[in-house]
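Colleague: I'm new to this one, could you walk me through a few of its local features?

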Amino acid sequence: MSSKAFIRIGAHSHVHGLGLDEKGKAKFKAGGLVGQIKAREAAGLVVELIRQGKMAGRAVLLAGPPGTGKTAIAIAIARELGSDVPFVQLSGSEIYSTEVKKTEVLMRALRKAIGVRIREKRWVLEGEIAEFEPHFVPHPYNPYQKVVEKAKLTLRTKDQRVTYTIGPDVAEQMISRGVKKGMVIMIDKESARVSLLGISEESAKELGYDIGRIPKVPVPTGPVEKEREFVYTTTLDELDELFHKQSGGGGLMSFLFGATEERKEIDPEIRARVDSWVKDQVEKGRAEIIPGVLFLDEIHMLDIEAFSFLNRALESELAPIVIMASNRGKTKIRGTDIVSPHGMPLDLLDRLLIIPTHPYNADEVKEILKIRAGEEGVKLEDAALELLTKFGTEISLRYAVQLMAPAAERAQYFGRDTVTVEDVEAVRDRFASIEESIEHLAKWEEKFMK
Ligand SMILES: Nc1ncnc2c1ncn2[C@@H]1O[C@H](COP(=O)(O)OP(=O)(O)OP(=O)(O)O)[C@@H](O)[C@H]1O
Ligand SMILES: [Mg+2]
């Protein structure tokens with residue numbers, strides 16, 4: 001075993017964005033992407049529409065031969081949208097599970113792709129603890145143990161100082177969390193939850209905490225009791241889960257044992273409740289819906305049932321933007337004998353914006369290989385890069401990319417840090433491309449079967 005940390009380099013780790021200028025024009029090489037100009041510019045327009053909220057319930061299909069950057073462009077769209085917009089990736093084959101219905105897998109993915117930003121105003125008490133005196137009494141059943149009955153708490157801001165008598169629930173929280181004089185806390189008035197905000201700058205010295213995990217914060221200003229706004233972002237899927245748990249879903253056993261077993265299916269009724277709750281919050285100005293993106297790769301793997309479900313889901317009010325990718329031409333729709341473009345039903349195809357992707361020329365392949373070599377930390381001599389470029393155009397881009405790692409490994413065996421033509425030839429000879437593998441199987445089929 002090597003002592004070096006194991007670093008996984010994903011196939012698309014070099015993709016940072018669509019690489020467009022302010023006018024939406026694609027540069028030949030930017031954002032980690034090379035060429036495929038029209039598709040990147042089209043994707044840029046889609047990003048703009050998503051940002052302006054004009055894409056909800058619509059769908060985009062990236063269509064083109066294998067290795068033409070469909071998945072890479074979808075990832076670039078996610079990077080452009082940033083981390084505030086949910087982006088969920090699902091491969092067609094992932095909907096087939098033995099435990100969960102395929103429509104449930106799709107439904108979950110769709111609802112994960114819809115963010116809900118909730119704003120809430122709450123009354124809180126906030127200040128530095130000037131005094132904290134818990135009052136203990138013997139435990140009613142166990143006289144050897146003492147429990148807190150109430151406490152006197154004085155909180156101060158720069159402008160005010162207020163003393164409260166607090167009940168055992170708040171006092172216990174403070175004791176168990178080790179909250180002391182000089183710390184700044186916030187107490188939610190309704191739920192009585194105590195949050196430790198930090199150590200007041202003025203008391204940090206005194207408490208002897210110069211460094212440590214608890215941050216230093218200034219003593220708050222204004223009144224101790226105030227209304228504060230909280231913003232948190234969640235998704236419809238997370239809310240489903242929450243409502244499911246609150247409704248006692250999971251049965252008595254999981255309630256008794258606090259089992260964290262993952263729920264298999266959510267009752268449609270619960271989802272309807274979540275939807276109406278969210279809509280209500282939006283109407284009251286307390287929440288905002290952020291339609292995100294569901295990326296469905298290898299779309300031909302869906303079957304007719306999944307397609308009709310998807311079609312219906314796109315009609316619903318709370319639908320995300322769906323981006324699909326296909327490398328199939330005319331083929332059968334799974335679960336039927338109907339041949340259709342991309343193996344998709346026509347009524348779904350009809351509502352799509354289609355972005356075609358095209359095979360790369362030698363210059364483009366070379367640039368992509370250079371980027372990948374950089375990403376994987378592989379040094380290639382010029383002639384080795386030329387040869388890989390040749391394989392990239394004649395066989396496939398992905399094959400050429402994949403040969404890089406074993407070629408670098410071989411170079412290392414021979415004590416070189418640069419991959420030579422010889423290394424590339426050697427691995428070319430040892431690893432088959434897909435076509436070669438199919439040919440090989442066909443040739444030996446007879447023998448394999450017997
Ligand atoms: N224009 C490009 N710029 C930079 N890298 C690219 C570009 N196109 C493809 N790649 C990279 O080449 C490899 C293959 O591309 P990708 O997986 O996106 O192809 P695909 O069209 O999704 O193929 P498939 O139909 O087989 O799924 C990936 O590592 C990808 O990041
Ligand atoms: Mg792909």
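Modeller: Let me start with a term: a residue is buried if 20 or more other C-beta atoms lie within 10 Å of its own, exposed if 12 or fewer, and partly exposed in between, with C-beta atoms placed from the backbone. This is a predicted model, where local features need pLDDT of at least 70, side-chain atom pairs count only at pLDDT 80 or more, and totals for chains, interfaces and linings use all residues. Residues are numbered from 1 along each chain as its sequence is written, while chains are lettered from A and ligands numbered from 1 in the order in which they are written.

Colleague: So is His 342 buried or exposed?

Modeller: His 342 is buried, with 22 C-beta neighbours inside 10 Å, and although not a glycine, His 342 has a positive phi of about 60°.

Colleague: Where is His 342 found?

Modeller: His 342 sits in the loop between strand 16 (339–341) and helix 10 (346–349); helices (H or I, at least four residues) and strands (E, at least two) are DSSP runs, numbered from the N terminus.

Colleague: And what about the phi of Gln 36?

Modeller: Gln 36, which is not a glycine either, has a positive phi of about 45°, and its place is the loop between strand 2 (33–34) and helix 1 (37–51). Gln 36 is buried, with 26 other C-beta atoms within 10 Å.

Colleague: New topic: at what angle do helix 12 and helix 14 pack?

Modeller: Helix 12 (residues 382–394) and helix 14 (residues 421–430) pack at about 30°, their axes being 8 Å apart.

Note on methods: Axes are lines fitted to C-alpha atoms, for helices over the stretch in contact, and angles run from 0 to 180 degrees between N-to-C directions.
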